[in-house]
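Dear colleague,

Please find the structure below, with its sequence.

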Amino acid sequence: MIDTQTIRIQQTSQSRIDTLDESNIPFGQLYSDHMFVADYTNGEWKDLRIAPYQNISISPANSALHYGITIFEGLKAYRNPQGEVMIFRPDANAKRLNISAERMCIPEVPESLFMEALTELVKLDNSWVPSSPNTALYIRPFVFGTDEYIGIRPSQNFRFMIITCPVGSYYSQPVNVKIETEYSRAVEGGTGFAKAGGNYAASLYPAKLAQEKGFHQLVWTDAKTHQFIEESGTMNIMFVVDGKLITAPTSGTILKGITRDSVLTIARDWGMEVEERPIAVKEIVSAAKEGRIQEAFGVGTAATIAPIAKIGFEEDTYELKHSDQGKFSSKILKELNDIRTGVIEDRYGWTFKV
Ligand code: COI
């Protein structure tokens, strides 16, 4: 157990909180006043500290810069009607960080260290947690190698940091996605299930090509056959077809999304038919052609629930209708928001009060 006394706190003398305009919060541009830092040397996490948010200094031979020895998480804190701050499912992020860590030869971050660091940081910067509808404090824990060594080997020294930023919507409008059948995001045996920086770096070029054709994001398919839907760029993907909620099963190539799990749990509790199974591209394309896709949406911490407006496949683009306000994605977004902001009872024990 990490004793909070061991986290040294150096408070900023110049808060930037007055630069926060809750009516206009672009994603990931304004960071809160403080950051958490810990260093791993000689097999131990040491020198736990919270300092004013600032640039850091690393060697030009840093192992993360050269070889992508870096993992991250994303979670959010919300303000409830009583003004208290609640973090959504932080224990799940702590566990997933360590799943990513193992794959990337990064040492475990003890769950107690993760939770204490998170709690102390969010407590200190609690005025940065916005309260307007559809806003939150996005929390970004990350770990990276700090060896000054350009040979290939697992890093021996690491840094664990947490930064936070108030955010509004990640996507300001329904997204247009293209089913990708040439490039791949992940292969069996690779790092697709991990939140490893390199997964995102490798996705940028194919995503850029799709953006040039008017799409916001890709829908990745399996690397071997390109016949099965996997996930989308910043989120897992779900469909409502013939009244059933369908999503791909998580595997070695698909991120085990925490929002994904929350949506599936609630949908099952509501008595909805849920199928976690391989989804053939041709099934989605036929359903789209026949107008049987009632809904398609992305689910993720940053993206929340992101309705999909158009699906592109090969040379065709299929437009989905999103006019029915009673539809599942709106209903689940409201339910999740109400749980996360304490408007309704948290019957799953997902919220953690700071
Ligand atoms: C998140 O949803 O927290 C993510 O990590 C997606 C990110 C790449 C913006």
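Domain bounds, as used here, come from an automatic or database domain assignment. Please note that this is a predicted model.

On that basis, the chain is divided into domain 1, covering 4–168, and domain 2, covering 175–339. The contact between them draws 20 residues from domain 1 and 21 residues from domain 2. Taken over C-alpha atoms, the centres of domain 1 and domain 2 are separated by 27 Å.

The ligand lies between the two domains, because domain 1 and domain 2 both give residues to the shell around it. The space that the ligand takes is the largest pocket.

The surrounding residues are Phe72, Gly74, Tyr138, Arg140, Tyr170, Lys195, Tyr200, Thr234, Thr301 and Ala302. By class, this shell comprises five nonpolar, three polar and two charged residues.

- Tyrosine 138: an N or O atom of its side chain is 2.6 Å from a ligand oxygen atom.
- Lysine 195: an N or O atom of its side chain is 2.8 Å from an oxygen atom of the ligand.
- Alanine 302: a polar backbone atom is 2.8 Å from an oxygen atom of the ligand.

As for burial, the ligand taken alone exposes 280 Å², and the protein buries 90% of that area.

Yours sincerely

Definitions and conventions:
Residues numbered from 1 in each chain as written. Predicted model: local features only at pLDDT ≥ 70, side-chain atom pairs only at ≥ 80, totals over all residues. Heavy atoms only, no water. Near = heavy atom within 4 Å. Polar contact = N/O pair within 3.5 Å; in protein donor to acceptor, adjacent residues only side chain to side chain. Areas by Shrake-Rupley, 256 points an atom, 1.4 Å probe, with all protein chains shown as cover. 1 Å grid on protein atoms, 1.4 Å probe; cavity = no way out; pocket = protein on both sides within 12 Å on 5 of 7 lines; lining within 4 Å. Sits in = over half its atoms within 2 Å of the grid points. Nonpolar A, V, L, I, M, F, W, Y, C, P; charged D, E, K, R; others polar. Contact = heavy atoms within 4.5 Å.
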